[in-house]
Amino acid sequence: MAALHFHNVTLGYDRHPAVHHLSGEVAPGALVAVIGPNGAGKSTLLRGIVGILKPLDGTIHLGGLDARDIAYLPQSAEIDRSFPISVFDFVGTGLWRATGLFGGIGKAAREKILGAIASVGLNGFENRPISTLSGGQMQRVLFARVLLQDAGLIVLDEPFNAVDSKTTADLLALVKRWHGEGRTVLAALHDMEMVRNHFTETLVLARGPVAWGPTAEVLTPENLIVAMRMCEAFDDSAAACAADDISSRAA
Amino acid sequence: MIYDALIGPFTEFEFMRRALAAVIALALAGAPIGVFLMLRRMSLVGDAMAHAILPGAAVGFLLSGLSLFAMTAGGLIAGFAVAILAGVVARSTGLKEDASLATFYLASLALGVTIVSIKGTNIDLLHVLFGNILAMDDQTLLVVAFNATVTLLVLAVIYRPLVIESVDPLFLRTVSRAGGPAHLAFLALVVINLVNGFQALGTLLAVGLMILPAGIARFWSRDLTKMICIAVVAAAVSGYAGLVLSFQTRVPSGPAIILVATMLYIVSVLFGRVGGIVRQLLPGRHLEA
């Protein structure tokens with residue numbers, strides 16, 4: 001498995017950068033936390049990685065990974081919870097890469113789906129419509145789907161928001177299991193304690209990169225203060241970016 | 001006596017048999033489409049599309065007289081143009097689909113009315129507006145059956161991405177590029193079934209045989225497959241009962257069919273197993289777990 005490369009990546013909306021001149025590399029199998037205040041560009045960066053947002057500038061190299069080798073768990077999933085679909089069928093969509101349009105769900109695939117549902121502790125929920133699930137149960141279902149996607153790169157956008165401590169512990173155990181299996185995991189997080197205790201590498205983002213490296217070295221009060229000071233509003237009358245100027249400042 | 005009322009019309013008159021065949025074909029294809037329209041919160045999109053195809057049908061009518069084939073072709077072209085343009089604009093600009101569709105269907109309607117007022121009379125257009133299922137000839141019936149068959153085949157092909165796109169569009173976008181084509185194919189099916197329906201029910205009521213059965217099904221099941229089956233049955237029953245009603249009472253056939261469906265809908269709203277009003281008022285004692 002190859003590394004994930006960022007070459008001077010700028011991502012944004014309407015020409016306004018939300019992630020500014022990011023360069024760096026994520027080693028295969030790394031467990032990376034992306035932290036920063038609200039509006040720092042964490043979600044934007046993750047959307048750039050999974051390919052639903054094209055960079056305004058620079059390139060993101062997936063190191064030979066196909067788009068389908070990426071499992072993405074968005075922060076506010078646009079899931080229509082009222083749609084009449086069972087937990088089993090919903091989790092089963094994680095097998096899309098194997099089944100595609102017509103592939104049947106055979107006995108082996110059924111076992112896999114049931115296994116994934118069991119791994120997130122939802123035995124007995126298979127036939128429940130997703131509309132009947134609580135927020136935490138839905139998050140478990142989404143993790144089960146990520147599990148089935150069997151992806152080399154797993155991208156989680158604030159996966160533990162509004163989830164109780166028991167569920168967080170269960171789901172965090174899954175994240176560590178993925179790490180143990182050699183998958184690359186990137187997660188946007190807010191819980192510094194969790195980052196310090198469980199994530200080996202950290203990227204502090206505040207539109208531009210503030211610091212990136214081993215968690216113990218990066219997660220310092222100084223870096224966090226720099227990140228907090230970042231101005232949140234877009235400047236409507238901003239001039240076109242003179243790249244050299246900015247990247248020297250970021251460094 | 002009952003035989004005379006319920007079965008007699010169909011054994012006696014060929015036009016009633018044709019009408020029944022047509023309405024069953026419409027039910028088989030239109031009701032599943034209606035279920036997806038409803039679940040994707042696009043019920044009124046169907047209605048907008050019905051307006052969008054009217055000008056195309058009118059142009060077809062002006063060019064070659066009262067040929068259902070020409071009107072179908074015209075309606076299909078207008079409907080496809082509007083559906084696809086609206087879909088493309090919504091997907092490439094982030095404008096919401098309903099806003100984008102409203103613009104295009106209004107433009108289409110205005111264009112059509114302009115063409116008609118400049119060139120034609122509007123006497124026979126009543127036929128287009130309200131349809132006449134009792135005037136089905138062989139050719140028309142074949143067109144209806146053909147369109148229904150195509151609909152079911154295409155729906156089978158796009159079923160899986162369509163379902164996933166309805167529940168979690170972002171997920172589908174990250175794993176596959178099938179979402180866009182499936183969505184456009186679905187819009188095309190909506191148009192085909194509207195055109196199909198307007199030969200029987202007219203442009204204004206065509207969408208009724210799609211949306212009403214879907215609304216009925218919604219009150220009886222939480223499962224997509226069952227919903228689709230219930231919707232098909234409800235549409236076919238409405239069609240049959242509407243034809244009988246129309247035959248016995250001289251209520252026009254199109255409105256009769258939709259009125260029967262409306263009756264079923266009201267019964268479902270009141271007594272439906274899933275969220276029906278009576279059931280909500282008298283839920284029974286709460287369960288232990």
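Analyst: Contact here means C-beta atoms, placed from the backbone, within 7 Å. This is a predicted model: local features need pLDDT of at least 70, side-chain atom pairs count only at pLDDT 80 or more, and totals for chains, interfaces and linings use all residues. Residues are numbered from 1 along each chain as written, while chains are lettered from A and ligands numbered from 1 in the order written.

Helices (H or I, at least four residues) and strands (E, at least two) are DSSP runs, numbered from the N terminus.

Next, the two chains together. On chain A, 19 residues are in contact with 20 residues of chain B. Two elements of chain A, β5 (70-73) and α3 (96-99), each supply at least two residues of the side that touches chain B.

Now chain A. Chain A has 10 helices and nine strands. Its C-alpha atoms fill a box of roughly 60 × 35 × 35 Å along the principal axes. Of its 251 residues, 38% count as buried (20 or more other C-beta atoms within 10 Å; 12 or fewer is exposed, in between partly exposed). Among chain A contacts with a separation of 6 or more, 71% come from residues 24 or more positions apart.

The sheet comes next. Six strands of chain A form an open, mixed sheet, ordered β5-β6-β7-β3-β8-β9. Strands pair when DSSP finds at least two bridges between them. The edges are β5(A) and β9(A), the latter spanning 208-214, and each pairs on one side only. Strand β8 of chain A, residues 201-206, runs antiparallel to β9(A) and is joined to it by six bridges. Within that pair, Thr202(A) stands opposite Gly213(A) of β9(A).

Helix α6 of chain A, residues 165-180, packs on the sheet. Helix α6(A) touches β3 (31-35), β6 (153-157) and β7 (184-188) of chain A. The direction of α6(A) makes about 145 degrees with that of β7(A) (0 to 180 degrees between N-to-C directions of axes fitted to C-alpha atoms, for helices over the stretch in contact).

Key
Two residues are in contact if their C-beta atoms, placed from the backbone, lie within 7 Å.
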